[in-house]
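Reader: I am new to this structure. Please give me a close look at one chain, and then say how the other one compares in layout.

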Amino acid sequence: MKDGVESAEPARKAIPVQEGLFTMPSSPGGKGHLIGTRCRSCEETFFGRLSVCGHCQSQDLEEIRLSDRGKIFNYTVLRYPPPAPWKGRSEPYEPMAVGFVELPEGVRVLSLITDCNVEKLENQMEVDLVIRKYFEDEEGNEVYTYMFRPSSGQ
Amino acid sequence: MREVVIAGVGLHKMGRFEGKPYVDMACEAIQMALKDANMAWKEVQAAYCSRMYLPPTTGARVCAAMGLIGIPVWDVESACASGGSALRSGFQSIAGEFYDTALVFGVEKMPRGFMSPENIYDKWQCYIGLSVNPMYFALEARTHMDKYGSTPEHFARVSVKNHKNGSYNPYAMYQKACTMEDIMKSPLVCDPIHLLELCAPNEGAAAVILTTRQVAEKHDAQPVTICTSVVKTPLYPAPMIPPAFQTSAKIESPPLTTLAARQAYEEAAVGPEDLDLVELQDVAASSEIIYTEELGLCPLGEATRLLDEGVTEIGGRLPINASGGLLSNGEPIGASGLRQVVEMDWQLRGQAGLRQVAGAKTGLGHVVGAGPSCGVVILKR
Ligand SMILES: [Zn+2]
């Protein structure tokens, strides 16, 4: 596929699982963040890029950076692997925790909860944003997603 | 608006029917409904087909097999609320005097195992695994536990009740009672929900003939009145129903089911205290507890008390899911909401056999599905 002119570009790219939800870590070890939208009319805040406020229908919106730290609002544990086309590891499958993470901006975001003992999670536990590779797609791109993990020291 | 009645109902058993075409299943339910209404196929002036997993134009294909009579046929889909949406479509077409007689039917043949999440969720949600329906039921159940002190045992007891009811229903997929131990020892799927507390995807068909009282009486049918049929989508913020992946921590609205129920009670001039039976969306056992409260059948946090006191059993003051609910019947999505309507029609006419709710005169049916949307119907004899 690659000719001489393009050879400077890496064949594999790091890409987000979905545009408009989070920014990619700019350098190895660098951090990305969740993208938020704030309505200037009603001050409601949303996860991701929106063009209309879901609350008051205003189009006077601004993009903001959502906090990296939140609290578990509620959670559950998926004891069986999700159905295809889930891209995580099913053999061996480790039960995954998922839950709503409440951010200080007043929005609850559904997220995987990672790097934890799923039997020891609790509501109100502090969690931090992680943006990391989740799988490789058919073209060999590294596909990243957002997740949360218990804050260090817990 | 003029009065709309159900003149006849038909049902194909719920379950798995390998090799039996969906057209045959639907036609059996429709023939049964026509016979019940003492009507001929050519008296039907319009048809509404509820389906989700079957192909486009399912409704027209089924009606063609019934005989080409030139009527308009619409497929209606709103995930698990499809039956409620199709019923509303038929209801408004009679109430609004577009037609005198309409057929509303639902049919489904769902793939075995996990349903494809791509019908409901965005691709990225599927890729990272945030695409598991029971996960949403579990999150709602845990919120109810945190807020009101319900327990996994309460949810299991709902499943015991509904499976017991299902054992009296010859149309149910599972006609076998089970014990608390069977349920609590079945595999945990998403904490706190066990496998025997989740409804199964399956196959089935249901049909109802809607018409005016005058036409029904002319045919010597036993009409049941549709007091109202309501369909609602939520107010902001999004409830925790697939495919939502965010919600507001600042703003609260009444739950979607409450919005639909309030409108239905008002339009029907019927209150929760007037109901003799309820068929609701027990997609998970915990959902029955949550929707019992959201429908206003008791104050918030008191559905477990109703369950403990036997109020919601057949023989109790307000039997819920006397048919066995989705837990015993499975959920053939397109057919499920209309199966509830068929069940209530039989109950109100005193034809529900061993699971008959004595003296039932008024019933409420409830479906809620991804999108999300919610349907509530109130029937009266
Ligand atoms: Zn706004």
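Author: A residue is buried when its relative accessible area is under 20%, exposed when over 50%, and partly exposed in between (1.4 Å probe, protein chains only). This is a predicted model, in which local features need pLDDT of at least 70, side-chain atom pairs count only at pLDDT 80 or more, and totals for chains, interfaces and linings use all residues. Residues are numbered from 1 along each chain as written, chains are lettered from A and ligands numbered from 1 in written order, and side-chain values use heavy atoms, without hydrogens or water.

Chain A has 154 residues, and 47% of them count as buried. Its secondary structure consists of nine strands and zero helices (DSSP runs: strands, E, at least two residues; helices, H or I, at least four). Read from the N terminus, the elements of chain A are β-β-β-β-β-β-β-β-β. Along the principal axes, the C-alpha atoms of chain A fill a box of roughly 55 × 45 × 30 Å.

Contacts (heavy atoms within 4.5 Å) in chain A can be sorted by sequence distance. Among those between residues at least 6 apart, 51% join residues at least 24 apart. Chain A carries 24 negative and 18 positive side chains, counting Asp and Glu as negative and Lys and Arg as positive. The centres of these two sets lie 4 Å apart.

Chain B is divided into domain 1 (5–112 + 204–224) and domain 2 (122–193 + 227–380), with bounds from an automatic or database assignment. Taken over C-alpha atoms, the centres of the two domains of chain B are separated by 23 Å. Where they meet, 39 residues of domain 1 of chain B are in contact with 35 residues of domain 2 of chain B. The area buried between these domains is about 2900 Å², and carbon and sulfur atoms give 70% of it. On the side of domain 1 of chain B, B:Met14, B:Cys80 and B:Val224 lose the most area to domain 2 of chain B, together 23% of what that side buries.

B:Gln222 sits in the loop between helix H8 (213–218) and strand E8 (224–232) of chain B. With a relative accessible area of 32%, B:Gln222 is partly exposed. Leaving aside residues up to four places away in sequence, B:Gln222 touches B:Ile6, B:Ala7, B:Arg349, B:Gln351 and B:Arg381.

Methods:
Charge placed at Lys NZ, Arg CZ, Asp CG, Glu CD. Buried area = accessible area lost by both parts, 1.4 Å probe.
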